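I set them down in the order in which I looked things up.

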Amino acid sequence: MRLKARDLLGIEELDLQDIELILDTADGFLEVARRPIKKVPILRGRTVVNFFLEPSTRTRSSFEIAEKRLSADSVNLVGSGSSIVKGETLIDTGRNLEAMSPDIIVIRHSSSGAPHLLAHKLRSSIINAGDGFHEHPTQALLDAFTIRQKKERLEGLRVAIVGDIAHSRVARSNLLLLRKAGAEVTVCGPPTLIPPHIEKLGAHVTSNLAEAIEGADVIMMLRLQLERQKGGYFPSLREYFYYFGLTVEHVRRAKPDVIIMHPGPMNRGVEITSEVADGPYSVILEQVANGVAVRMAVLYLLLGGSADEEAA
Amino acid sequence: MKRLLKGGRVVDPASGVDGRADVLIEDGRITRVEPNIATADSEVVDCSGRVVAPGFIDMHVHLREPGREDEETIASGSRAATAGGFTTVACMPNTEPPLDNGSIIEFVLTQARRAEGANVMPIGCVTKARKGAELAEIGEMVRAGAVAVSDDGSPVASPLLMRRALEYCRQFGIPVIDHCEDPDLAASGAMNEGQVSTALGLRGMPCAAEDIMVCRDIRLAEITGGRVHIAHVSAHRSVEAIREARARGVAVSGEATPHHFSLTEEAVRGFDTHAKMNPPLRSEEDRAGVMEGVLDGTLEAIATDHAPHNAIEKDVEFERAPFGIIGLEMAVSISLDRLVHGAGMKLAEMIRRFTEGPARILGLRGRGTLAPGSHADVTVLDPDCEVTVKMDALHSLSRNCPYSGWKLRGAPVMTLVGGVLVWRRD
């Protein structure tokens, strides 16, 4: 089995069948983490380059652990250590990496569309680990995996995504995935942080947190970049918290079995109180654990077909 | 030296001519436009089955010289112009250094004479070094040959300075051409703000950044009596504002680019940097609004905003890529295809947007018409031939445009500048 596309650039390019294939495959990889020897030989001899041009703790270590558990050889390249800082273009850096015959390049970049540019120019498979405000497909996949784990379905669920929607690739990828899977999605934030025409991507829009949360099965909180205050998007963290900070009182409006998610890193006391983040509904650390299995599934499915050819 | 353009359909909107006629050229001037001219001593150019029009004028190009001769030169740009059916281009002053004084205007004109391509009419800066702080020596530039002033690429952001520029230019009778974009509202945007920017996660530039400044400029033209020309109108509300102001008699004019009436923001999907320009491609409503403005004459000129860029600079992350696409060698075909064949525009009206319109705005005497005594700048069209846009056939030094492989109906086939046949389609 493998994915229809050669690259994982975004949720936009996936159909529901692809999404289900990834989630089902991740199910099988979940138990690898519970073994004493956390390694399977599936990608032995394969090379994966993790090319991160933006700071990342969770996503980068998650990919790296996923690669190692699949026995792939991985190389990490970060922005400050790469020749990008010497003025090399992204395409040239990509071509140089490709000259060393990697099978997959995982890229994180601050510009929307950077992975698409590389995919267009290189033969290696490209995995988008977050591009600008555009997409973060593996985050949406691990979120969907976590929701499915807890709710045993995606279809028909009510999901609220709360915070800085405009500057969030996590919000976009989740919205696309959840809509493809038949969930109902409400995005919520101050009007300054809601991008124009987001409803055309299938979202309900509100700036009333209570309304967004009412009857929700899932609440996804987004990280608020503190520097947005300088851009005039909101007057103060104090006021932001008053309207959009998630408290225990808010959570009571949701379904009794609601789950609370956050892609990290969290600003405690800004978008979420510690009481909620550490409370019984929170699945934030499970998201992180599931991230490894989901990324293993993506790596495996992108290279799976060629592994079969070798076996044949 | 006499040359006779024989047997064509002559369409000269400025003189109200549309019919079968011959055009006689003597010593670089048009001398007669009549049916069945018989002369013994002239070279005859067969124009049967063709449309003979006044030489097309593109009032908005970037020729990049001085400064970025790797992207375009005055020579290559003026040859690209003739191969696109243009006999005159007006070049914008955002070069390195910028065209902000008389001697550099003279340099452009000298290079243009050497090039022997299309006529090149320089546009000077409104402000010194395009910095938006003090007026440039506009009078000196006009004496040297500048036909207008503009800080194109940037707006004249200060309303007070724009007011002064409009007032000051009245004594020279030249228009101030403004690139209307509120710099705060459009700040760091890479494309139109709308559903596609939301889907792609790119920072958007709202239409209001343009139309707010169009409205400002209209009011300033009104209180000063100066002439303002709005470059590359991209938003339907800008068109409406210009239409309303013109009806009131305000001295405002506007131009449309072929890309703004033939493409929308949808072309950016896939992060194609060849669809990145400023002002950006906008919504379908805006595209239709701009086209309507061209059709009803609110926008008097079609101009390319030909903006050559080195492939190395366009082959980067979308946000990092420079704004701009080339257009000199496709504009006439796109206009024939989309306006005449696609939207039922009368051929004479389309020709007017390329001739009488820009000639009036720039105050060019003896151009944009075939009236006897005019410069013998002539564009010959085949309005029905099928052409495919091929990148390797271009004369421009740059290739940055989204038109590769486009099949279009109608094309220029011959260009004469000052009576000299400078280009002919193979």
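**Entry 1. A salt bridge in chain B.** I began with B:Arg352, which is partly exposed at a relative accessible area of 25%. I use buried for under 20% relative accessible area, exposed for over 50% and partly exposed for values in between, with a 1.4 Å probe and protein chains only. B:Arg352 forms a salt bridge with B:Glu356, and their closest N and O atoms are 2.6 Å apart. B:Glu356 is partly exposed too, with a relative accessible area of 27%. I then noted a network in which salt bridges with shared partners join B:Arg64, B:Arg68, B:Asp70, B:Glu71 and B:Glu313. A salt bridge here is a side-chain nitrogen of Lys or Arg within 4 Å of a carboxyl oxygen of Asp or Glu.

**Entry 2. Basis of the entries.** The model is predicted, with local features needing pLDDT of at least 70 and side-chain atom pairs pLDDT 80 or more, while totals for chains, interfaces and linings use all residues. Residues are numbered from 1 along each chain as its sequence is written, chains are lettered from A and ligands numbered from 1 in the order in which they are written, and side-chain values use heavy atoms, without hydrogens and water.

**Entry 3. Salt bridges across the sequence.** How many salt bridges does the structure hold over all chains? I found 51. In one of them, the side chains of A:Arg169 and A:Glu54 meet at 3.0 Å, N to O. A:Arg169 is in helix H6 (residues 169-180) of chain A, and A:Glu54 is in the loop between strand E1 (47-52) and helix H2 (58-69) of chain A, 115 residues apart. Helices (H or I, at least four residues) and strands (E, at least two) are DSSP runs numbered from the N terminus. A:Arg169 counts as buried at 13% relative accessibility, whereas A:Glu54 is partly exposed at 21%.

I next looked up B:Asp382 and B:Arg50, whose side chains meet in a salt bridge at 3.2 Å, N to O. B:Asp382 lies in strand E16 (residues 378-388) of chain B and B:Arg50 in the loop between strand E4 (43-46) and strand E5 (51-54) of chain B, so the pair ties together parts 332 residues apart in sequence. B:Asp382 is buried at 15% relative accessible area, and B:Arg50 is partly exposed at 30%.

**Entry 4. Aromatic rings.** I counted 10 aromatic pairs over all chains. Why is the pair of B:Phe86 and B:Phe354 called tilted? Their ring centres are 5.8 Å apart and their planes stand at 55°, so the pair is tilted. Rings of Phe, Tyr and Trp (its six-membered ring) pair if their centres lie within 6.5 Å; planes under 30 degrees apart count as stacked, over 60 as edge-to-face and the rest as tilted. Both B:Phe86 and B:Phe354 are buried. In chain A, ring pairs link A:Phe234, A:Tyr240, A:Tyr242, A:Tyr243 and A:Phe244 into a cluster.

**Entry 5. A charge over rings.** The charged end of B:Lys276 sits over the ring of B:Phe318, 5.4 Å from its centre. The charged end of B:Lys276 also sits over the ring of B:Phe323, 4.8 Å from its centre. The rule requires NZ of Lys or CZ of Arg within 6 Å of the ring centre and within 35 degrees of the ring normal.
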